[in-house]
Each structure stands twice: as structure tokens, then as C-alpha cells.
Amino acid sequence: MANLVKDVVISQDTPKDLLLDKHIDYLLKYGTDTNDFEFCMTEYLRMSGMYWMLTTLATAKKLHLISKDQFTEFIDQCFDKETGGYSACPGHDPHILYTLSAVQIACILDSVDRLPIDDIVRYIAGLQLPDGSFTGDKWGEIDTRFSFCAVATLSLLNRLSSINVKKAVEFVLSCQNFDGGFGSKPKSESHAGLIYCCVGFLSVTGELGRIDADHLGWWLCERQLPSGGLNGRPEKLPDVCYSWWVIASLTMLGRQHWISKDQLRRYIFASQDCETGGFSDRPGDLPDPFHTLFGVAALSLLGESNLIPINPTFCMPQDVLSRLGVESQVLTK
Amino acid sequence: MKVVSDPFCNLCGVTQVQDVLHFFLDCAFTTDVLKEHIEEEMAKTYDHYNEQAVMEYLGEGLKDLKRLTRLLEMHGQVKTDKSAAVKEKEKKQKDAKLKIYREGMAQIFEKRKSGIKDWETMRCVGDVLSMNPDVYTLWNIRKEILLHMVEEKTIDEPVKVGEDELRLTEICLKINPKSYGAWHHRCWIIEHFPELDLKRELILCNKYLKLDARNFHCWDYRRFITSRLGLSPEEELSYTMQKIEEDFSNYSSWHYRISEDGGKWTTVNSIKESPLWVSDLNSNSSSEYNIKVAILNEVENVCLKADNDFVWFRKPQFDPEVSPKLKALLVEQLETCNQLLELEPESKWPLLTSVVFMKAIDTTQFREEIIRRLRCLMKYDKYRSSYYSDILSKFLIEEEFKSNELPTGSFSLKNLGLTSFYYTQYFARFELIDLSHNKLKRTLTKLEFAVNCTTLILDDNDLTSLQNIPFLPQVISLSVADNRLKTADEILNCIDKLPSLQKINVARNPFVEDDAGKQDFVKKLKTLKPTLEIIVD
């Protein structure tokens with residue numbers, strides 16, 4: 001008996017092109033109502049939200065539509081002098097996730113010289129444990145996401161040598177599973193989001209040669225479902241954010257052609273909200289800035305003509321990284 | 001509606017299901033549509049939720065709902081936009097919730113600023129967290145206060161305090177089963193309150209995994225608990241199949257890292273770990289060099305000698321070791337695949353699995369069948385056809401390298417339908433490389449290892465561009481006839497990468513289709529390289 005595939009059906013009336021102007025409107029409107037319930041309840045990730053918005057606008061060549069000062073002032077307010085890290089929003093605690101977002105925002109806005117680089121480096125380096133892993137903050141949660149945040153932040157600041165890279169690589173490799181994928185910790189299940197973090201980590205550190213790209217690439221290309229969308233693990237529904245995590249990982253591994261790009265494009269287009277703008281996880285669901293960035297970023301990697309090229313490792317415009325002289329490894333096709 | 005009260009409802013999200021029910025009731029659905037949507041919602045929220053278990057919990061609630069919908073005589077209505085009244089009601093609810101959230105947060109931050117670390121603050125923090133469990137700072141504040149209380153020795157009943165904390169995380173996981181903050185707090189509590197009963201945690205994990213078998217946070221937590229209990233996962237679970245899988249699918253990837261020997265060594269592609277390293281030789285040195293080669297963590301002493309052209313290669317190992325016992329098992333499994341394929345010849349998984357088995361059993365015996373089945377897969381699993389064609393290319397190249405001792409001098413991989421290169425580090429050995437009649441347009445970059453190649457033949461490869469051709473210092477003769485190069489620039493722009501070039505064949509490409517194109521090309525190229533022999537037809 002055939003297995004039932006968990007998937008969605010894309011109806012005929014879904015969008016077939018990129019509705020870029022609508023997405024810009026959606027993002028510029030997002031957060032203007034500071035009493036909006038969803039907006040307020042997500043303040044614990046505000047810094048990342050601002051990075052999602054900014055990267056989308058930059059990729060769409062619309063950075064001139066926002067006030068740069070608004071962003072840099074926000075970053076300053078979130079800096080914690082004592083630790084050297086950044087919080088998600090003023091009053092909250094510093095965390096490596098938001099420290100990376102803050103640094104990414106400064107890079108995109110060409111304001112790296114404003115950053116207290118030595119403090120940030122001290123914060124990141126202080127989160128590394130003897131086994132090479134990183135905690136997210138002083139409370140000790142360990143996750144390969146934080147390994148990625150650490151090396152991405154330091155690489156953007158040209159300070160990668162401030163940590164024990166060799167140990168950090170060892171830890172990430174210890175999180176690789178029999179199926180070629182990676183989880184959040186040793187023995188944790190393979191998951192496309194964490195695979196992106198680990199492959200991205202190896203790309204930043206120039207150690208992609210340490211993994212069997214065919215093996216992992218196969219697991220990743222199996223994520224494409226008949227709808228064209230990608231899921232994050234076997235037997236799960238497709239989701240636009242996995243379009244990014246899977247396609248970016250495949251791109252770093254030099255195996256983007258192992259899935260059907262046309263079908264993926266079709267799925268991402270179908271996940272746009274034609275009324276409000278923005279992308280949702282699946283066709284017909286409510287849009288949000290997170291899925292909007294990853295929809296746009298994935299389309300950029302797939303070569304969408306109205307978008308500027310995005311870097312698969314950092315999820316930032318390539319021209320920003322070129323300007324900073326930041327390099328990341330991509331395996332030869 | 002009947003409220004389902006179950007001690008575990010916090011963990012299975014039953015109240016959330018009820019929210020969903022209410023929502024759909026507002027949307028005026030028929031019962032059947034309703035049930036369908038609940039299932040859809042549940043599938044979205046809970047990855048592998050156990051429908052039966054959830055429906056059991058729902059039980060009476062669903063019956064009530066059926067009665068209600070019948071009373072309201074709502075049949076066959078499709079989903080419409082929410083009515084203004086519903087929107088207004090929701091807005092009011094949200095505004096009220098937001099007010100509580102904001103006031104709570106303000107109060108907590110005020111107390112934190114004043115250094116107040118008491119149970120009243122804990123209560124406030126708990127209330128806000130049960131609304132919004134992802135506010136990580138609030139979990140930090142709880143930990144700060146608890147640490148403070150431990151230090152001040154004001155905790156009289158640690159078990160009760162610990163259990164209350166666990167209960168709070170349960171409430172929060174009900175709202176968001178994937179809340180990183182809540183899961184980590186649970187681990188932190190277990191670590192800081194050793195009095196707590198770990199066996200109970202294991203039972204809770206089982207219960208929770210029954211409802212959502214794919215929640216990786218819960219699996220991680222389960223590993224955390226079992227390791228604290230001193231149980232190895234192996235004691236509980238049978239990983240037999242996984243291990244067999246590991247045996248044959250985890251081909252050991254190997255790469256070279258040569259310890260820097262006076263800093264003379266460089267890699268061809270400037271990455272730290274490269275399959276090929278080269279160095280200039282000192283003219284006044286001896287006929288022998290001793291170097292250290294580190295492959296992963298194994299260090300080997302290697303002597304480079306003049307009579308071997310100072311070249312050292314590690315012998316390629318393509319086939320993983322398979323024990324006779326495993327081989328017998330694989331033969332059996334292959335037979336099962338073949339039986340399935342007799343019933344459904346186009347079935348992807350038996351095709352793919354059988355290819356893996358045949359590769360592990362005997363590549364020589366099954367060579368033709370492996371090729372045939374991979375070609376079938378290219379046809380039947382269209383989205384991944386490039387994967388299969390690349391894997392087929394890898395297999396064919398391995399077979400070429402295996403068929404005899406690694407050849408020297410000239411090497412041909414022509415007419416194999418290759419779409420990708422593998423093991424190109426061995427190309428460093430060859431002077432003549434013939435890759436004609438393949439489909440290698442995507443992979444020219446990998447030719448970078450052909451550092452000793454003097455004659456390179458790339459005829460009939462669907463090439464549309466030579467942009468990715470790498471620096472090839474020794475190539476004297478290049479042939480790119482019968483491709484799809486559209487402009488003379490494709491050649492002109494890569495001439496710098498071929499400093500030794502004396503002869504080039506570009507026949508039967510679109511840009512030299514007519515006489516004008518040919519003349520124009522020859523003229524331009526002669527300007528750059530006057531002595532070059534150019535073949536245009």
C-alpha cells in the first residue's frame with residue numbers, strides 16, 4: 001500500500017509571479033500599529049524581526065524607503081554594556097540570536113563602525129564551552145543554532161580567530177546523524193533548519209569538505225513534495241521557510257539542481273497573500289515577516305530577476321558581504 | 001460544550017483544540033467540514049498528533065458540537081470571511097489580553113530593577129509566561145529568583161517548588177509545544193532540583209510523544225532524562241536497522257590535509273582541506289622528499305621520489321566493506337525489492353533501495369542493472385532527476401577508476417552521459433583527458449585539478465558558457481567543438497586561464513555557424529594570440 005504523502009494542493013487561482021510591491025507595502029505597514037496584538041506579543045524577537053524586514057527590503061532594492069537611524073538607534077538601545085551582547089528589544093536580556101541579528105542589521109546599513117566590536121567579540125567568545133559548543137546566553141542552553149550565530153557574527157566582524165574554531169567544528173560535526181543531516185545537539189533528529197545552521201557554520205569556517213555532500217544532499221532533495229514545496233523533515237507538511245533552509249543548504253553544497261526549481265518557485269509564488277502582501281508558510285495561511293523574508297530570499301537564490309543576489313550562508317545581500325570582504329565557502333558544482 | 005479535564009491536557013493541547021472548535025463554530029461550518037478542519041489544524045500545530053488520542057479526549061465535546069450545528073441548521077456552507085461581529089469580539093479579547101501582558105511586563109521589569117526577588121514576582125512572571133511562553137527574559141528572571149532563594153536558603157520544600165516549575169512549563173508547552181524557553185527551563189529545573197522524580201518525567205515524555213511523535217524537543221528532553229537516569233538509549237530502543245543503514249550508506253568520506261612543510265605547499269582551490277596539494281620543488285634538493293600527510297586524524301609518513309615524479313596518491317576505496325553476514329541479508333532484501341518491482345515496476349523506493357543494495361553486494365555483477373534502475377528513477381522521480389544522473393555519473397566514474405590500476409598518461413570518460421565529475425583529484429595524473437559526448441556543462445570548475453593536462457577534449461557537452469573553466473596552466477590543446485557557445489567572447493574571455501594554449505577547436509558552435517562569425521572570431525583571437533592554431537570547422 002502506498003504511503004499517503006502529507007502535502008498541500010495548489011489551486012489554480014494562486015499567484016504565478018512575484019508580487020514584490022505588495023510585499024514592500026506589507027512590510028512597511030508592519031509594526032506601524034504599535035498596539036497590534038501580534039506585533040506586541042512578538043517583542044521577544046523584535047531584533048530578528050527587524051533583520052528579516054531589512055534583508056527583504058535590501059534584496060528587493062528598496063532600502064531607501066526606510067529610515068536608517070530608526071534601526072541603528074534601536075540596536076543601540078538593545079546593547080547590554082555589561083555582557084557585550086544584544087537583546088531582542090529594550091529591557092530584555094542579551095542573547096546570541098539577537099546579537100547576530102543586530103550585527104547583520106549594522107552590516108546591511110553599512111554601520112559596522114558604530115558597533116562596539118570588542119564587546120561583542122567578548123560576549124560571543126565567552127559563550128563557548130570547552131567541548132566547542134556554544135550556549136545561547138549565560139543560562140546554558142546548547143544548540144547548533146548558537147554555533148552558527150557565533151561564527152556568523154564573528155566572521156561579519158572579521159574576528160573569527162577569537163574563538164576555538166577547531167573545537168567548534170568538532171562539536172558541530174558531532175551533531176551529524178546517520179542520515180547525513182544535523183540536529184540541535186549530538187543525537188538530535190535531523191532537521192532542515194538545523195542543517196542550514198550546521199552547513200552554514202561549515203561554510204563560514206571553510207570546512208564543508210568535512211561532510212559527505214552527496215549523502216546530505218540526497219536527504220535535502222528528498223524534502224521536495226509533489227506540490228513543489230519543501231518540508232523540514234520527512235513526513236511533514238511543506239513550509240516556505242524550509243524553502244530557504246533547504247535550498248540555501250543545497251546551494252552551499254553545490255547541489256541546488258537536485259530539486260525542481262520551477263516547482264519550488266511555483267509553491268513559493270502560491271504562498272503569497274495577494275490581498276495584504278507577504279508570504280505565509282503555506283498557500284492560504286496568514287502571512288508574516290519571517291516567511292516573507294525566506295520566500296523572497298529563496299526566490300533570489302533561484303535567480304528571480306527583480307531581486308539582488310543573496311548569499312546562501314548569511315542570508316544577506318551578496319553585495320553587503322562583498323563590501324565587507326566576508327567570504328564563505330560554497331562547494332563546487 | 002463540555003470541558004475535558006484530564007491531568008495531561010496541558011501537554012496534549014486539548015484546550016487548544018477547543019479553541020479551534022470555537023473558532024470554527026464562529027465560522028459556521030457543518031460538522032463534516034468542521035472535523036476536516038480540526039484535523040487540518042491539528043496536523044499543522046502538532047506534527048504527528050495521534051488523531052485517536054485527541055478525539056478520545058475531545059469525545060463529548062465533539063458530540064455537543066454536532067448537536068449544536070444541527071440545531072443551527074448550518075449545512076454545506078463554505079468558509080467565508082469572519083463576520084464583523086466575530087472580528088469585533090476577537091479584537092476585544094485581544095486588546096484585553098494585551099493590556100494584561102503589558103501591565104504584567106511593566107510590573108515585572110519594575111520589580112527586577114528594584115531587586116525584588118520574591119514569590120509575588122514569581123507569580124507575576126508565571127502569569128505572563130502562561131500567556132506568552134516565548135518571552136525568554138521571563139524564564140531568566142525565574143531562574144535568577146530561584147537561585148537567589150536557594151542561596152538565601154528560603155526554599156523549604158524543594159520538591160514542591162520544583163514540581164510547580166515543571167507544571168508551569170507544562171502549561172506553557174500547551175500553548176507552544178515547541179517553546180525553546182519552556183523546554184530549556186524544564187531541563188534547568190531538573191538539574192537544579194535533584195530531588196525531583198525523573199521516572200515521572202519519562203512517563204510524561206511517553207504520554208506527550210504519543211500525541212506528537214515528531215516533537216524533536218520532546219525527544220531531546222527524553223534523551224536528557226534517560227542520560228540522567230543512566231539509561232542508554234540502546235537499552236530502550238532497537239537501533240538495529242539504523243545501524244545496518246549506517247554500515248552501507250555512510251561511505252567514509254576522505255580528504256587530505258598535508259601538514260605544512262616549510263610553507264611551500266598550496267592547494268589548488270585555496271581551501272584548507274583539499275584533495276590535491278601541490279608544491280614547487282627546490283632545484284638544488286635531493287631526489288627524495290619526506291612529508292607528513294594527515295588524513296582526518298591519521299598521520300602517515302610519505303616519501304616522494306623522483307622515479308614516481310614526486311607524486312603520491314592515496315589508493316581510492318570506492319566500495320565499503322560488507323561482512324558476509326550483512327551481504328546475505330542484503331541479498332535477501334534485494335529479492336524483496338525485486339518482487340515489489342515485479343508488481344510495480346515504476347515504484348521509486350524499491351528501485352532506489354535496490355540500487356543501494358546492489359552497490360553494496362557486487363557492483364560488477366549488477367553494473368548494468370544499477371545503471372538501468374538509476375535511469376528509470378530519472379524518469380519516474382522527475383523532481384530529483386539531476387540527483388540520479390549525478391549519482392549515476394559518480395558510479396560510472398568509480399567503475400572506470402576501478403576497472404584497472406589508475407591509468408597514467410591519457411584518460412577517457414567519453415560518451416558516458418556524465419552530468420557531474422567526481423574524484424577529479426585523480427585528473428592531476430593525466431596529460432590527455434577526453435570528456436567528449438557527455439553533459440558536463442554544470443561542472444567545469446572541477447577541472448581545476450587537471451594541473452598536468454596538456455590536451456583537454458570537451459566536445460559535445462551542451463556547453464553554453466566557458467565562464468567557469470578554471471586556470472589550467474599546462475593545456476596546449478583545447479577542443480570544445482559541437483557545443484552551444486553563442487558568442488566569441490566565451491573563448492576570448494577564458495584565454496588568460498590557458499597560458500600554454502597553442503591549439504583550439506571551436507567547430508560547430510552557434511557563434512561560428514556562418515563565415516562572418518568565423519572570420520570575426522579568428523581575427524579577434526589572433527590579435528590576442530597570434531601563433532594560435534584555430535579550428536573553426
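## Salt bridges between the chains

Six salt bridges cross the interface of chain B and chain A, each a side-chain nitrogen of Lys or Arg within 4 Å of a carboxyl oxygen of Asp or Glu. One of them joins the side chains of B:R384 and A:E222 at 3.6 Å, N to O.

This is a predicted model: local features need pLDDT of at least 70, side-chain atom pairs count only at pLDDT 80 or more, and totals for chains, interfaces and linings use all residues. Residues are numbered from 1 along each chain as its sequence is written, chains are lettered from A in the order written, and side-chain values use heavy atoms, without hydrogens or water.

## The interface

Chain B gives 62 residues to the contact and chain A gives 61 (contact: heavy atoms within 4.5 Å). About 5,300 Å² is buried between the two chains, 53% of it from carbon and sulfur atoms. Buried area is the accessible area (1.4 Å probe) that two parts lose on being put together, summed over both. In chain B, the most area is lost to chain A by B:Y136, B:R214 and B:Y383, together 15% of what that side buries.

## B:E399

B:E399 sits in helix α18 of chain B, residues 385-403. Helices are DSSP runs (H or I, at least four residues), numbered from the N terminus. The residue B:E399 is buried, at 10% relative accessible area (buried: under 20%, 1.4 Å probe, protein chains only). Beyond its neighbours within four places in sequence, B:E399 is in contact with B:T363 and B:R367.

Definitions and conventions
Helices (H or I, at least four residues) and strands (E, at least two) are DSSP runs, numbered from the N terminus. Buried means under 20% relative accessible area, exposed over 50%, partly exposed in between (1.4 Å probe, protein chains only).
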